[in-house]
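Here are a few friendly notes to read alongside the model.

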Amino acid sequence: MTATKRDISQVLDKDEADSTQTVPKKVQNTKENQNPDSEDDNEEDEDEDEEEHTHKGKKVSSNTASYDIHVARETAELFQSNIFKLQIDELVQQVQVNDKHILKVEKFLHRLYDLIQQVPDWEQHSITDVLAYFKDKSVAIPFVDPKPAPASTNYKFNYLAPDVSLIGSFALKTGIYQPQGSSIDVLLTMPKEMFEKKDFLNLRCLHKRSVYLAYLTHHLSELLLKEGLGDLLAVEYAYFHDNPMIPILKIKCREDAPRSHELNFYKTKFSINLIVGFPYKIFESKKLLPNRNCIRIAQEDPEVPLPLTSLYNFSVLSTSTFEPYLKFLYKCKKQTESFREASILGRLWLQQRGFSSKISQSGGLGGFGNFEFTTLMAVLLNGGGENGNKILLHGFSSYQLFKGVIKYLATMDLCTEGHLQFHSDITYTSAVSKYMPEGFQTPTIFDKSTKINILSQLSVNAYNMLKMYARETLAMLNNVVQDQFANIFLTNISKSDQLKFDLCYDLKFPRNGSIESDLLSKFTAAERIKYITVENFIVHKVISVLKYALNDRISNLEVELIGHRSTFPITKRRPHAATPGHQFNFESIRVKLLINQEEAEKLITKGPKHSDSPSHEAVLFKGFWGPKSSLRRFKDGSITHCCLWTSSSSEPVISSIIPFAIHRHISENLVIDNNITKMFQSLLPLPNIAASSKTSVLNLSSFYTLKKSFDDLYKVIFQMKLPLSVKSILPVDTAFRYTSLTQPVPFAYSDPKFFQNIILEFETSQKWPDEITSLEKAKTAFLLKIEEQLSAEHGSKYKSFFTRDESIPYNLDVTTLNVLTPEGYGFKFRILTERDEVLYLRAISNARNDIKPALENTFLQFTSNYLASIRHTRTIENISHSYQFYSPVVRLFKKWLDCHLLMGHLKDELVELIAMKPFTDHYPYSMPGSVENGFLKILKFLSQWNWKDDPLILDLVKPDSAYEDQMEVSIGGSEIDSSTMKKLSEKLTLVQYKSIQSNFRNLRKNDPNGLHLQFFVASKNDPSGILYSSGIPLAIATRLTALAKVAVNLIQTHGLSKQTINLLFAPGLKDYDFVIRLKIPNKLKVSSGIITETEFKNLANADAPTEFPADLDRLSEKMDPTFHLVKYLNMKYKNSMIFSSHRYIGVNGNNEGSENVVTGLIKPMFKKQMKFKVNMDCDAKPLDAETVVLNKESIYHEIAAFSNELIGKFEIQ
């Protein structure tokens, strides 16, 4: 038989190409910014009608606010889509395949075609002859398991010249440049004469194809050697899309091949896939439907139906339909101008999320790649609605096409509630695509022409992940405030499992092979025909067990086979794991989970209710959980089957459930590794409270205890008779926001955050003094009055004393009242009046120009300590309940900062806002569902944040996707309910967002390099963006960024392990000019409220203080003097040096909390020689008549004198 060679233009029959429908003129003229969500082509006319209706003065039936939002949103979407179009054009241009590379590889393809023609035909042979023929050859036959047995194989094998054609994205010209390389698919269609009518049964056609491929490989290898191409090319077997039933031949250039060879295409990074396919309609399609069995096996009970072989049926049918689908897509591409660009966008979107066309039944996120995306887009261009209405129009832009497909994936259920059906036969022009409200419990896009479910390789689990990412992307596309282009197309979220998923567990197989034997024994003949490979069977088993065990504790999961191979030498029949001793094609199993924060830490797994006659669900529940299952009565009186778990501070409840379920249902010998989570959670300091080690990291009981103590004091003060009535008592410190590094513990007065700041406000009065100093004295008088009544009426319970507050520059008259409660907590009261802000602003307006900047900084500090801190505390406390992992994540982040001696330079509010970034603006990742996930996302953000050019703008609102869905439906509708309106009003509007950006640009005009202010962190509470970030030295800001980059690079290079995690939290002291190691007289760890490692963790430390000293002056004996030392040194040497230390000595000051370090960094300009000036304001020594240098020795001696009693060692680097 003579082979034929065709390209894409020849694949389409001339008659069909001529009969391709012309795109209607109306559709061609569709505006570029037309919204794909609209189903009405006359949207513009409707808008005009509505506008006219309004001008006539008639009463509008819809809510006015709803209409305003509709108009504003349409305007913003129009602007957003136009910006997106420009970004898309640039992106598509950047990912174009190099034309020179195409010419280079096409030259080789022509030579390859000529070589294929030279392969001789092979007459029919029995299986015995075939095996004998290949026995002494260097090529193995890649038979599918089980391979044909000579005794029972009656059909013949032969080789006839194939029909050769290009398929795939290279033929369709929708491919893009891939840094890791891409493949070109060449289809070799076996002649019809080689098949019999029943060859679709019992793997017969697959075995024929395997022999066909092996014969081709053998002769092609010899021809390559004969042509002198053996040193140029590498040939190996592979599985097409990882499907073990479709072996292919992969050809690529060797890395060490001669560069001068004319056919060397190594630099193009292309590889050639020779795919052996079946002729179209060679088998009767209806006999290979997904609900049929085509592999017969012997059964003990003949009345029991055989398992369905949907995966096998798909593998047979799909390899006979490459050309029909190419014609189908080519027709849509010709009709739709933006089809190619939209398919490129879809490919990028899928790749960045880890999706591909690879089979997902063997783990990973396969089953939905570029082919499936473009096919779905083509289907929606021909209908897709429940009535066959078109979802997409041919005149849509690439942005609209992409958004339309994403919206369809996000909002339509193609698995449980319905499926999509279409016709791929391009001659059947009257057929429309239609959504059918009938689900098959498997993802389904059914082609009625070929009888193929396009999504056969997409598992239910992978489909759920796809749907989740589609929802998130739709939310990003609907975000008219922030630019989400990079998050959608440019950020690869699959690089790190710890960033993409909340928890990861490794299931490791011991080397003795006992587990493999046990699992192989469960892999029966019925399981084999259903799953084809044992790897598919194991993945399905693990997913099924974990989904039942974890249920609503997780939102999604992915199972990956580590070490899984899909390529193998032509001398082997199938791939094997790289590590010797493994019987399977993988080395270990990695389970990756996305957590449902609301349910994850619940201690009870509820099952069905108990009844006298056990229900099927109850039997299943008891059978699954075995001895763990028990009956419990709940408050509502119901008796329910359930399992009880225990919580722990070092690992989540899920880490107890997974080992139990896996050992019971998979194998008892499997080793389950989740040490990373344990190590991260163990880094959080445990409070010195009984049973703290048995308390979940999400437990906030210690914070609630402090709040209860405050509430009692609150009532006492409110009942006092004072000259002015108390209007409000507002807490403004970290414990009330659940963000303090150390949890509140009674009598832990060594903790730097023991005294929590409280702001006291009185009723409005005109009698407050009109001068700042007098006003502060009046405030002090009120505090004295409160202290007197507290001592007189509650002196046996409460203790109090006064201190001076130096947090506001140039105002040293601020007095605070410190109150110690009988429960063992401390609160620091200061007063705010309505006159404060007026007097500060008046002082600025009346000041000379030379001192105005200093007074403006004073006002900034006042605002951040009083007015803004109230809003900040209220906001963080309110939304942190919705982000349950925010509290432990921000506490771990603070520990990391303090380990690196940065916490003393950064305000708690600034740290908390930065830590909020992965929660309120988590795209393209999911919201953090574990401590390590949230912490690593913060480091990732800091490492990439170019604070010189980019502001951090936070939308501090609770997570609520429900109203976003409602908005999607409501746009153009009649009304929006009040709750949705409220949530919309809380979110940042486009105007507010642009205003904040304008503030940032104005700031950078005066400070383009960020020398004076680095971090611009803004929100609705603080549009200025500078309240909490002013006053940070440039060296500290750059060090924070550098440390984050080093940390991320360390993790990417070496992964997460005990060693790398320890390095993350190890301070780099060698970077400083000098280091002073201090010895603190007292051990402060226990008195800081932190449990020691040597104690029993279920008991509180007996050495912990249980009362306050009778003499309150002795409180300072148990406080770290380093803070005041560093504060003094920074004030004295502020022009030339920067001093740092650990702020939390109980956490980072060795095992006893008795050591600290003070580091010094000399500013760059003082490290070199300087010209002498009168106002240098530093200790300098002369070198000659004009130049001086910093007198380091003198300064070091001064520092040593200041801290003489504390110094243990003075190290000069």
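1. Leu 503, Ile 595, Ala 600, Glu 601, Pro 652, Ile 654, Gln 681, Val 697, Phe 885, Gly 929 and Ser 930 line the second largest cavity. That cavity holds about 60 Å³ of space. Its lining divides into seven nonpolar, three polar and one charged residue (nonpolar: Ala, Val, Leu, Ile, Met, Phe, Trp, Tyr, Cys and Pro; charged: Asp, Glu, Lys and Arg; polar: the others, Gly among them).

2. A word on the basis: this is a predicted model, where local features need pLDDT of at least 70 and side-chain atom pairs pLDDT 80 or more, while totals for chains, interfaces and linings use all residues. Residues are numbered from 1 along each chain as its sequence is written, and side-chain values use heavy atoms, without hydrogens and water.

3. In total there are eight cavities of 30 Å³ or more. A cavity is a set of points on a 1 Å grid over the protein atoms alone where a 1.4 Å probe fits but cannot get out, and lining residues have an atom within 4 Å of a point; a volume is the space filled by probe spheres set on the points, which are joined across faces, edges and corners.

4. The largest cavity has a volume of about 90 Å³. Of its 14 lining residues, Pro 744, Val 745, Asp 751, Lys 753 and Phe 754 are the closest to its centre. By class, the lining has seven nonpolar, five polar and two charged residues.

5. Helices H29 (residues 886–899) and H31 (residues 931–944) pack at about 55 degrees, with axes 8 Å apart (helices are DSSP runs of H or I, at least four residues, numbered from the N terminus; axes are lines fitted to C-alpha atoms over the stretch in contact, and angles run from 0 to 180 degrees between N-to-C directions). That angle makes H29 oblique to H31 (under 35 degrees is roughly parallel, over 145 roughly antiparallel, 65 to 115 roughly perpendicular, the rest oblique).

Technical notes:
1 Å grid on protein atoms, 1.4 Å probe; cavity = no way out; pocket = protein on both sides within 12 Å on 5 of 7 lines; lining within 4 Å. Helix = DSSP H or I, 4+ residues; strand = E, 2+ residues; numbered from the N terminus.
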